[in-house]
Amino acid sequence: MITIIGSGPAGSYLAYLLAKKGKDVTIIEEHEKIGSPIQCTGIVTGSIDKFVKLPNEVIANKCSKVIVVSKNNKIAANTDEIVMWRNKFDEFMAHRAIDAGVKILTNCQFINSNGKNSIRIKNKNKVEEIKSDLIVGADGPSSTVAKAADLNPSSKFYIGMQAKVKLKMDFDAFETHFGSNFPDFFGWCVPESEDTVRLGLGSFHNTKDYFYKFLEHRTGNKEILCWESGIIPVYEPNKIIQKGNTYLIGDAATHVKATTGGGIIPSLKAAHTLCDCIINKKNYNNEFRKQSGKELLLHLKIRNVLNKFSDKDYDYLLKLMNQEKVKNILKKYDRDTPIPLVLNLLLREPRFLLFSKFAF
């Protein structure tokens, strides 16, 4: 018996993979409705096709262009991005798991584990004990499973503020904004319909002030349709993600690209790794670092460099990126394949190496 805490994409996809291998899997979800609340922009690269074919009802928009904005520069580049209805995506992934034989208990809260073969949950105000040989924490950056197993939830995270707002923009393009108005991370503006966008940014400090300044600058007002905010963990290369019969995946394991805050595709990849480790009794800590650690570490190193940039540095970066030879590389390799992307960028444009001074 395997119990997965959390019915987000990481938990549901792992449950699906394990059930297809003949395992008895139950998902415990604390919310009454799967996919709620929404705390994600829901934009992914075409690399998601390697893991799952998205049905049309999950897709809100497809963007073929990205507009990158710095203080004194702006460029456009071709891209291949899918904007999802995040709640529908979560529901779709959960239903695939159910179809594979997974049992999902909603409105149930994980309390703790006895460390051996059972866990305690709160089910409609009633505490129950259920048998479980293995426990997987797919319960987000403040993971209760991590705390119960003394695996320590992420101590470093961005505060992501995002809201739906009324704004007409190019429906085929999304925007990313960099510079001193986004000191720790970046801002984004993603169209989900002809007149509604998901606008947000991340920051370690003063996030609310930065957000409203960005909102007013981009839209001319401060009117909000609804909030979709959440915290974004920073990848921890040395984090222990398996201890005894307890495992962590997704945001609970900091499986997030530090450059963008995206965690969906890294989590789906990690699900394959963890499924293999469970089935074949491999060490998950070691296998994850072999299969995904280098990629996520590269994202982290790039983020650490970007966080030292001035507005002038961002302006120059965009100047280099605006060359056709660079745009061709960016089109060929997306951010979910960072190692070949960076290697080819450096080969085609060695001046990117000038930014390596910020790595030391």
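Trainee: Why is glutamine 162 counted as buried?

Mentor: In this predicted model, glutamine 162 has a relative accessibility of 2%. Buried means under 20% relative accessible area, so glutamine 162 counts as buried.

Trainee: Where is glutamine 162 found, and which residues is it in contact with, leaving aside neighbours within four places in sequence?

Mentor: Glutamine 162 is found in strand 11, residues 157-166. Beyond those sequence neighbours, glutamine 162 is in contact with residues including Cys40, Thr41, Trp188, Arg198, Phe211, Trp227 and Glu228.

Trainee: Is threonine 254 buried or exposed?

Mentor: Threonine 254 has a relative accessible area of 0%. The cut-off for buried is under 20%, and threonine 254 is therefore buried. This residue lies in the loop between strand 18 (246-248) and helix 5.

Trainee: What is the phi of threonine 254, and what is that of asparagine 206?

Mentor: Threonine 254 has a positive phi of about 60°, although it is not a glycine. Asparagine 206, also a residue other than glycine, has a positive phi near 55°. Asparagine 206 is found in the loop between strand 14 (196-203) and helix 4 (207-219).

Trainee: What makes the peptide bond from serine 36 to proline 37 cis?

Mentor: The omega of that bond is near 0°, and the bond from serine 36 to proline 37 is cis. Proline 37 has its place in the loop between strand 2 (25-28) and strand 3 (43-45).

Trainee: Why is helix 1 called roughly parallel to helix 2?

Mentor: The axes of helix 1 (residues 9-20) and helix 2 (residues 86-99) cross at roughly 20° and come within 8 Å. Angles under 35 degrees count as roughly parallel, so helix 1 is roughly parallel to helix 2. The crossing of helix 1 past helix 2 is left-handed.

Trainee: Which residues of helix 1 and helix 2 make the contact?

Mentor: Helix 1 contributes Pro9, Ser12, Tyr13, Ala15 and Tyr16, while helix 2 contributes Arg86, Phe89, Asp90, Met93, Ala94, Arg96 and Ala97.

Trainee: Which residues meet in helix 5 and helix 6?

Mentor: Pro266, Lys269, Ala270, Thr273, Leu274 and Cys277 in helix 5 meet Tyr284, Glu287, Phe288, Gln291, Ser292, Glu295 and Leu296 in helix 6. The contact of helix 5 with helix 6 comprises 7 nonpolar, 3 polar and 3 charged residues.

Trainee: How many residues has the largest nonpolar core, and which have the most contacts inside it?

Mentor: The largest nonpolar core has 98 residues, and Ile4, Ile48 and Ile249 have the most contacts inside it. Helix 5 (residues 264-280) gives the most to this core, with 9 residues. A second, separate core has 13 residues, among them Met161, Met169, Cys189 and Phe211.

Trainee: What does isoleucine 4 touch, not counting residues up to four places away in sequence?

Mentor: Outside that sequence range, isoleucine 4 touches Gly11, Leu14, Ala15, Leu18, Val25, Thr26, Ile27, Ile28, Val136 and Ala138.

Key:
Residues numbered from 1 in each chain as written. Predicted model: local features only at pLDDT ≥ 70, side-chain atom pairs only at ≥ 80, totals over all residues. Heavy atoms only, no water. Axes fitted to C-alpha atoms, helices over the stretch in contact; angles between N-to-C directions. Helix = DSSP H or I, 4+ residues; strand = E, 2+ residues; numbered from the N terminus. Parallel < 35°, antiparallel > 145°, perpendicular 65-115°, else oblique. Left-handed = near helix turned anticlockwise from the far one by under 90°. Contact = heavy atoms within 4.5 Å. Core = buried A, V, L, I, M, F, W, Y, C linked by side-chain atoms within 4.5 Å. Buried < 20%, exposed > 50% of the residue type's maximum accessible area, 1.4 Å probe, protein only. Nonpolar A, V, L, I, M, F, W, Y, C, P; charged D, E, K, R; others polar.
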